[in-house]
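Dear colleague,

Please find below the structure that I am handing over to you. My notes on it follow.

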Amino acid sequence: MISIRPVYKYDCDVLIIGGGPAGSSLAYYLAKEGISVIIVEAYKFPRDKTCGDAVSRVALTELQALGITDLKEFSEANIVNDVALFVEDEKVSVGLAKPENHLLQGRVIPRLQLDNWIYKAAKKMGAAYLEDARLSSYTVHKEYVLAEIKERNGANHIRAKMIVGADGSNSTVARILHGIKPDEAYQLLGLRAYFEGVNGPDDRCDIFFSKENFPGLFWFFPTGKGTANVGSAMIASTLPQNETHVKELLLQQIQKNKNLAQRIGDGKIRGKISGWPLTFQSPTHQVVNERLALIGDAAGLINPLSGDGIQYALLSGRWASETIIECCRKNNFSIAALTAYKKKLHKEMAYDMAVSNLLIKVTRNRTFTPLWMEVLLIVFERAKSDAEYASIIAGIFDGTLPSYKALNPSFILKSILQGGVHIGVNTTSGILQGPKHWEQKTKDTGLLLKNIIQNIKQNPREQVKWLTGIARTGLEVSGHILKEMKTRER
Ligand SMILES: Cc1cc2nc3c(=O)[nH]c(=O)nc-3n(C[C@H](O)[C@H](O)[C@H](O)COP(=O)(O)OP(=O)(O)OC[C@H]3O[C@@H](n4cnc5c(N)ncnc54)[C@H](O)[C@@H]3O)c2cc1C
């Protein structure tokens, strides 16, 4: 019997939803190979995106490959030479190592500009953009994917060989794939405001930790000429649910934080405060399926420690392109063929993400916040006198270094030794301050322990859930460490 395969007319080979750094970088590489691409983007470029605007060296290397660092406007983007970390009133300032290639020195670039540059580069390479248009649904068939797109003048359909979800942390493509919204346990809420007329220096990024918003953080990233991007990232479930309250919280926290308030000085907010969730990878997150892949934030590729995602968006766009180019050549868009991309992601990022997730899980229990603040102080004390140690800390938070560096044996040893010094110094200075001080210290410690025990008693279920989560993520990290050790032995 002769079987006749229907011949479908495709509107493009690859349909990409979302024209942020992930979607546009993927489009650039596919178009470069002559693959026909349509990018559907909900807004018209140039469009803003709520972000801290910090662009790490890893991201800059990717931007260089796209030709962005050759642009005249890029040379005017604000350079960062120092990072200052604050824990309550303690401050550590770290000079960032200067790379040989000055184009790769960390920068703060408003997304209104940055994303527009990447969009233009992809367009120049031949990618077609459908702007002001939104994906509402899609269905995957044996030979094609059919997407319903809502435009101002009504709904249209696009038929493609495959679909890529590059539609950010509230991804419609991912929601339809998984059948559920992202788990709150894997989300942070980010808030951002632009200020003008702030205090210098213009080349120093500040990161602030305080009891009130721990394990979240605040940032002050200068955008040049007395302007700055100021914001916070917080665990979503510990926040008030109402958006207005969350914004009030940012303003209140800014006022409460002496160091941040000092940096802002007489500066005034320009525009509105915007908020956006950061969704990071859960271990069960599926990133490929038949004729489908997820990249960037849609795949949960956010570092939960630093909130950094631009570099992962660009990297995952390039990695996905390598697999998709092969799929197009072989006309094979099966889950098996697309798994090469998933494996690449796993090889490059899973360990780092698991460590970050573990640290966030350990610290998200507010019962223990005073303890974690003490741990941060210990770490920062060491950083003040050890430049290498300090640059590891700064690198983890500014997204230049993978967070597994925090599990490096020498780093851990130095931290433990510093813990001893910290306790020793406190004890000695405590003794010198006399019995009254000791009485107070004992009272403080007693109160902390009492509070912790009371909290555990009041909410045993929550505490067990927290411990189970840690155990699960801890096992994941151990798995990665064992794998790494085996690879080194070979
Ligand atoms: C407050 C905050 C601060 C941050 N600070 C930093 C930082 O300083 N440095 C850093 O590296 N990262 C930071 N991040 C993370 C970073 O913003 C993201 O990781 C990055 O934007 C991911 O790029 P993306 O292309 O995957 O997604 P996005 O940049 O979110 O792009 C997704 C695109 O998809 C479009 N879209 C969405 N839904 C649809 C639809 N249904 N149809 C069509 N189009 C759609 C959107 O309009 C958008 O243009 C921050 C995030 C937040 C929230």
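An oxygen atom of the ligand lies 3.3 Å from a polar backbone atom of D53; a polar contact is a pair of N or O atoms within 3.5 Å. Nitrogen atoms of the ligand are placed 2.7 Å from a polar backbone atom of G52 and 2.9 Å from one of A54. Taken alone, the ligand exposes 1,000 Å², of which the protein buries 94% (areas by the Shrake-Rupley method with a 1.4 Å probe). Around the ligand stand 39 residues, E41, R47, G52, R111 and D297 being the closest (a residue counts if one of its heavy atoms lies within 4 Å).

Please note that this is a predicted model, in which local features need pLDDT of at least 70 and side-chain atom pairs count only at pLDDT 80 or more, while totals for chains, interfaces and linings use all residues. Residues are numbered from 1 along each chain as its sequence is written, and side-chain values use heavy atoms, with hydrogens and water left out.

The mean pLDDT (the predictor's confidence in each residue, from 0 to 100) is 81 for the protein, and 71% of the residues reach 70 or more. Over residues 427-432 the pLDDT is below 50. Where pLDDT is low, the predicted coordinates should not be read in detail.

I163 is one of the residues with the most contacts inside the largest nonpolar core, which has 77 residues. Leaving aside neighbours within four places in sequence, I163 is in contact (heavy atoms within 4.5 Å) with residues including L15, Y138 and V173.

With kind regards

Note on methods:
Core = buried A, V, L, I, M, F, W, Y, C linked by side-chain atoms within 4.5 Å. Buried < 20%, exposed > 50% of the residue type's maximum accessible area, 1.4 Å probe, protein only. Polar contact = N/O pair within 3.5 Å; in protein donor to acceptor, adjacent residues only side chain to side chain.
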